[in-house]
Amino acid sequence: MKNSTQLSDFILGAYFDGGTFRYLYFTIVMSLYVFIFGSNLLLIVVICVNRSLHEPMYMFLCSLFVNELYGSTGLFPFLLLQILSDVHTVSAPLCFLQVFSVYSYGSIEFLNLAVMSYDRYLAICCPLQYNELMTSNKVTKLIVAIWSPPLLVNFLTLPLIVPLKRCGNIINKVYCDNHSIVKLACSDTTLNNIYGLTVSALSVFGPLIVILYTYTRILKVCFSGSKQTRQKAVSTCTPHLASLLNFSFGACFEILQSRFNMNSSPNMLRIFLSLYFLTCPPIFNPLMYGLNLSKIRVTCKNLISGPTPQNQRCLSRLSHPTDRTRTRRWG
């Protein structure tokens, strides 16, 4: 029988000696974090301070951008410290905190995208009833529903992994994750495995059912509707679909990597793909929505470079009462 103990720290085994290149890696990662923090914070401020953007779709986008800040902040400061460190250890409490932030970020992201698909479904399939169905009270409840269950479920994970007696302390990743810690345990982990699989299934298949249903209905309307209807549906759904596919790719690889042995893959590839769902969506989403949604794009230009007559006319046209209903329905 292996000796078990309650180890006070973990060793992250995926790091390698970068030599003098560590400062280059540090600069690249720092630049990415500054861009993520700045771009997402800019869009949050733009949406919050402009009353013309206080509409359901933009409120869900604001929630998405807040989650990008939350997830990246749970990873990047930690990553920057580890890049410059000679010994890649992390204290157990900090490791458990990172497990909570990383997993809750992923759950919130997917649930937020599912709610956004529901919002697009109502806007496209029920345009005349949209304002009655998507009230400000309902938007508030949906945002609470996006954040509360993932935070609660992932908080309840901690009492299952913190008391585990561990026979080792080496995690073969660049950050802490739940499954890697459970695999180090000497004691029975049946409850952890059942809870983990149940939570993973609900976190994935719950939002997935909503997304598949809403897009099935949207496609039905597109095929049976006019050319103008199809064009509007494509323009309003393209950024959301791109965000969804981008996040799903990274999340799927992370789930597969945590459940199966990927040691035969190159170390750099495993590091890149394991970080994908924590780095690419926070970079990709503000660019996608900031460039594609005209109201956000024009407001950002006014905020950064100051209002110009052309931008003012464009923003006035987008906020005109007769256009506002159309903007609210179609984004």
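Begin at the largest pocket, which holds about 860 Å³ of space. A pocket here is an open set of points on a 1 Å grid over the protein atoms alone, where a 1.4 Å probe fits, with protein on both sides within 12 Å along at least five of seven lines. The volume is the space filled by probe spheres set on the points, which are joined across faces, edges and corners. This is a predicted model: local features need pLDDT of at least 70, side-chain atom pairs count only at pLDDT 80 or more, and totals for chains, interfaces and linings use all residues. Residues are numbered from 1 along each chain as its sequence is written, and side-chain values use heavy atoms, without hydrogens and water.

Select Tyr103, Ser200, Ser203, Val204 and Ile255. These lie nearest the centre of the largest pocket, among 37 lining residues (those with an atom within 4 Å of a point).

Next, show α3 (92–125), α5 (136–161), α6 (178–183), α7 (190–224) and α8 (227–259). Each gives this lining at least two residues. Helices are DSSP runs (H or I, at least four residues), numbered from the N terminus. Highlight α7: its 11 residues are the largest share.

Colour by type. The lining has 22 nonpolar, 13 polar and 2 charged residues (nonpolar: Ala, Val, Leu, Ile, Met, Phe, Trp, Tyr, Cys and Pro; charged: Asp, Glu, Lys and Arg; polar: the others, Gly among them).

Move to the second largest pocket, with about 660 Å³ of space. Select Tyr25, Val29, Ile83, Ile271 and Leu275, the closest to its centre of 25 lining residues. Then show α1 (22–49), α2 (56–84) and α9 (267–292), each supplying at least two lining residues. The largest share, 7 residues, is from α9. This lining splits into 17 nonpolar, 5 polar and 3 charged residues.
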